[in-house]
Amino acid sequence: PILASAHENGCICLWSIQGNLVKELMPFSKYPSVPLTALCTDISTKMLFAGSKEGHIMCWSIASFLEDPQNNKNQIKEELCWRAHSNEVVDLFHEEEKGVVVTASIDGSVRLWHATNGYYLGYFGQPRKFELSDISRLILPCDVNNFPTIIKEESKYMEKKNFEYPLMLDRDK
């Protein structure tokens with residue numbers, strides 16, 4: 001068994017049942033680290049979801065890591081990030097059978113999202129029925145203007161790159 005804890009600095013810590021730190025995760029984001037406010041997994045514990053104070057949802061694949069946490073080849077991979085609300089996420093859960101994530105915000109809104117690509121499916125209280133099978137239309141809620149980001153394995157955004165820009169004195173300029 002592994003226990004996951006979300007922290008103020010945006011980090012997720014995975015702990016052994018004995019209380020030893022097994023792994024630390026920092027979400028990939030083009031935004032500065034923000035406090036995480038909600039965590040959940042699916043029933044089969046293949047995916048880990050986190051919600052942030054700024055309304056983002058992040059999704060990690062954790063299945064291979066949980067099979068053998070000691071094996072360094074079994075990595076945890078962040079797969080998806082999207083803006084779900086304009087305010088803090090207070091709760092979320094993943095309904096594995098339907099393939100949806102339900103998020104709740106401090107503003108009182110409860111929204112439904114497609115779990116594998118972060119597409120918006122609707123909100124609780126809307127006049128129309130949820131169309132869970134129709135993900136061809138990419139729509140967003142009125143208070144969100146960022147599309148979901150699918151994080152590819154070959155992405156190297158987290159690496160620090162060094163660029164050389166030599167300074168040259170040009171007396172004519």
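Colleague: Let's start with Ser-52: what is its relative accessible area?

Modeller: We call a residue buried under 20% relative accessible area, exposed over 50% and partly exposed in between, using a 1.4 Å probe and protein chains only. Ser-52 is buried, as its relative accessible area is 1%.

Colleague: And which element is Ser-52 found in?

Modeller: Quick caveats: this is a predicted model, where local features need pLDDT of at least 70 and side-chain atom pairs count only at pLDDT 80 or more, while totals for chains, interfaces and linings use all residues. Residues are numbered from 1 along each chain as its sequence is written, and side-chain values use heavy atoms, with hydrogens and water left out. Elements are DSSP runs numbered from the N terminus: helices are H or I with at least four residues, strands E with at least two. On that count, Ser-52 belongs to strand 5.

Colleague: Which residues is Ser-52 in contact with, leaving aside neighbours within four places in sequence?

Modeller: Contact here means heavy atoms within 4.5 Å. For Ser-52, that gives Val-34, Pro-35, Leu-36, Thr-37, Met-58, Glu-88 and Val-89.

Colleague: What about the largest nonpolar core: which residues touch the most other members?

Modeller: A nonpolar core is a set of buried Ala, Val, Leu, Ile, Met, Phe, Trp, Tyr and Cys residues joined through side-chain atoms within 4.5 Å. The largest one has 15 residues. Those touching the most other members are Phe-49, Ile-57, Trp-82, Leu-92, Val-101 and Trp-113.

Colleague: Which strands stand at the edges of the open sheet?

Modeller: Three antiparallel strands form it in the order 1-2-3, and strands count as paired if DSSP finds at least two bridges between them. Each edge strand has a single partner strand, so one side of each is left without a neighbour in the sheet. The edges are strand 1 (2-6) and strand 3 (21-25).

Colleague: Which residue of strand 3 stands opposite Leu-14?

Modeller: Strand 2 (residues 12-16) and strand 3 run antiparallel, joined by four bridges. Across from Leu-14 stands Lys-23.
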